[in-house]
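Here is a brief report on a two-chain structure. Please keep the sequence and the 3D view at hand while reading.

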Amino acid sequence: MINPIDLSVNGVPIAVPAGTMVSTAVALAGVTRFRRSVTGEARAPLCGMGICFECRVSINGREHCRSCQVPCENGMEVAADA
Amino acid sequence: MGKSYDVAIAGGGIVGAACAEECAAAGLSVVVVEPGPVGGGATAAGMGHIVVMDDSPAQIALTNYSRTLWMARAHEFPADVEYVSAGTLWVAADAEEMAEVERKRAVYEAIGVRAEVLGPRELAEAEPNLRPSLAGALRVPDDAVVYPPCAARYMLQRALERGAVVRAGESAAQLSGAGIKLRDGSFVPAGIVVNATGAWAPSLTPGIEVRKRKGHLVITDRYPGFVHHQLVELGYLKSAHSMTADSVAFNVQPRKTGQLLIGSSRQFGAEHGEIDANMLTRMLRRAQEYMPALAALTAIRSWTGFRAATPDKLPLIGPCPQDPRLYLATGHEGLGITTSLATAKLVADQLLHRTPAIPVEPYLPGRKQAEHD
């Protein structure tokens, strides 16, 4: 991998190619439940283009970020509700 | 001509719904005419703050009586009414407002409303997301929060169970003491007619002193634990008092879902419901002055509604002087959710000649009040 980006998903380090979206990194980390609905149901990306809000995760402590809209950055700490 | 009802109510907001429930419970036959969804007007644009307000002796009497009615029913509401006894914090920014906190506490103590003064440190502990160096607050622990549209729907459901009828999707075109004339030309005859159409009441009962006062609300995504009480700046009183200028005030509420409901704005003369970007910005800036961390949260929706404002800031509850069979139940301004239950009691008390729990005179239509500016 040329110029990999190192970040963590739920505390686990992962390296991804530059330009990878956070949603992809979360999926590559093996996480299938990105968040929970109000009633506790599992949620994961649906539209992939920032409309459905299903892929929200916490990024660097900031909650409810749409992971499909945020490119990965070095040192990023991503928390999904896995 | 169709069946005649004892009571025909125009308006299926929380006030109309509460009146329907109370009248049906007293054994009266009731019909409610509502063109839109139940609780879809000002009811859906109210924060659902159940609060004792001390603007005037009559306002204290009405809000305190009504809050007592809410508290007594707290256990019976279904989960979607979201009754939470969150309490209010009246936040004081400086020494002048702390003096107001003390005055307010004495007023509440005199009428048996629990209230305690918090110093700056206690306030910071109670609500860590408020900005540092505020002067303190008055905590009113028995104030509550509800979800108004579901509260209205519940009350109307209770009325239906007791035989009331809802004419949904139909509009009242004309009201008189004899009944409601609908837009389609048909007539719903009744012994008593109640105008509970909020800010739209003057279009059905011309000449009454009710004006639209527009407000904005914003709701955020879910951030459980970010705020614990309904937070209101004491400067809110200045904002609510002003009868002319547009104003905003810091007013943030925790919802049961973990969402935050952010208000408030007040505007006279705005007739259209669209979001006013300038007012919205002012309102959110004000909220951030008190709670800087709000800036990092995600808002998911904003909307507006129209309060029904009267010059003396008291609602109109009771028969019209010119037509004793035509009742008004409107003019509740920003307190319609709180005072809905007491309004329903006072309407039913008057039409059934029962003795009311509080004097009705301050709220009677036709009382002397200064005209709007």
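## Terms and source

Helices (H or I, at least four residues) and strands (E, at least two) are DSSP runs, numbered from the N terminus. This is a predicted model: local features need pLDDT of at least 70, side-chain atom pairs count only at pLDDT 80 or more, and totals for chains, interfaces and linings use all residues. Residues are numbered from 1 along each chain as its sequence is written, while chains are lettered from A and ligands numbered from 1 in the order in which they are written.

Glu82(B) sits in the loop between α2 (57-73) and β4 (88-92) of chain B. Its phi is near 55 degrees, a positive value in a residue other than glycine. Is Glu82(B) buried, exposed or partly exposed? Glu82(B) counts as partly exposed because it has 18 C-beta neighbours inside 10 Å. The cut-offs: a residue is buried if 20 or more other C-beta atoms lie within 10 Å of its own, exposed if 12 or fewer, and partly exposed in between, with C-beta atoms placed from the backbone.

Asn60(A) also has a positive phi, about 50 degrees, although it is not a glycine. Asn60(A) belongs to the loop between β5 and β6 of chain A. Asn60(A) counts as exposed because it has 12 C-beta neighbours inside 10 Å. Chain B also holds a cis peptide bond, between Gly263(B) and Ser264(B), with omega about -5 degrees. Ser264(B) is part of strand β15 (residues 259-268) of chain B.

## The sheet of chain A

Five strands of chain A form an open sheet in the order β2-β1-β7-β5-β6, with mixed pairing. Two strands pair if DSSP finds at least two bridges between them. The edge strands are β2 (12-16) and β6 (62-66) of chain A, each pairing on one side only. Neighbouring strands are turned by 40 degrees against each other on average, direction ignored. Axes here are lines fitted to C-alpha atoms, for helices over the stretch in contact, and angles run from 0 to 180 degrees between N-to-C directions.

Strand β5 (residues 56-59) of chain A runs antiparallel to β6(A), joined by 3 bridges. Val57(A) has Cys65(A) as its bridge partner in β6(A).

## Two domains in chain B

Chain B is divided into domain 1 (5-46 + 148-209 + 313-363) and domain 2 (85-142 + 211-309). These bounds come from an automatic or database domain assignment. How far apart do the C-alpha centres of domain 1 and domain 2 of chain B lie, and what is the distance in Å? The C-alpha centres are 29 Å apart. Each domain of chain B gives 12 residues to the contact. Two residues are in contact if their C-beta atoms, placed from the backbone, lie within 7 Å.

## The eight-strand sheet of chain B

In chain B, 8 strands form an open sheet in the order β5-β6-β4-β13-β14-β15-β12-β16, again with mixed pairing. β5 (116-118) and β16 (299-309) of chain B stand at the edges, each with a single partner strand, so one side of each is left without a neighbour in the sheet. The twist averages 25 degrees from one strand to the next.

Strand β12 (residues 211-222) of chain B pairs with β15(B) in the antiparallel sense over 5 bridges. Lys214(B) stands opposite Gln267(B) in β15(B). Helix α3 (residues 95-110) of chain B packs on the sheet, touching β4, β5 and β6 (136-140) of chain B. The direction of α3(B) makes about 20 degrees with that of β6(B). Helix α8 (residues 277-290) of chain B runs at about 60 degrees to β14(B).

Helix α5 (residues 148-161) of chain B has 14 residues. Its span from first C-alpha to last is 20 Å, close to the 20 Å expected at 1.5 Å a residue. That expected span is 1.5 Å times one less than the number of residues. α5(B) is mostly covered, with 10 of its 14 residues buried. Those buried residues pack against α1 (14-25), β2 (30-34), β8 (165-168) and α9 (336-352) of chain B. Just after α5(B), Gly163(B) takes a positive phi of about 100 degrees.

Strand β17 (residues 316-320) of chain B is mostly covered too: 5 of its 5 residues are buried. A hairpin of 2 residues joins β17(B) to β18(B). The two strands run antiparallel, joined by 5 bridges. Gly318(B) has Leu328(B) as its bridge partner in β18(B).
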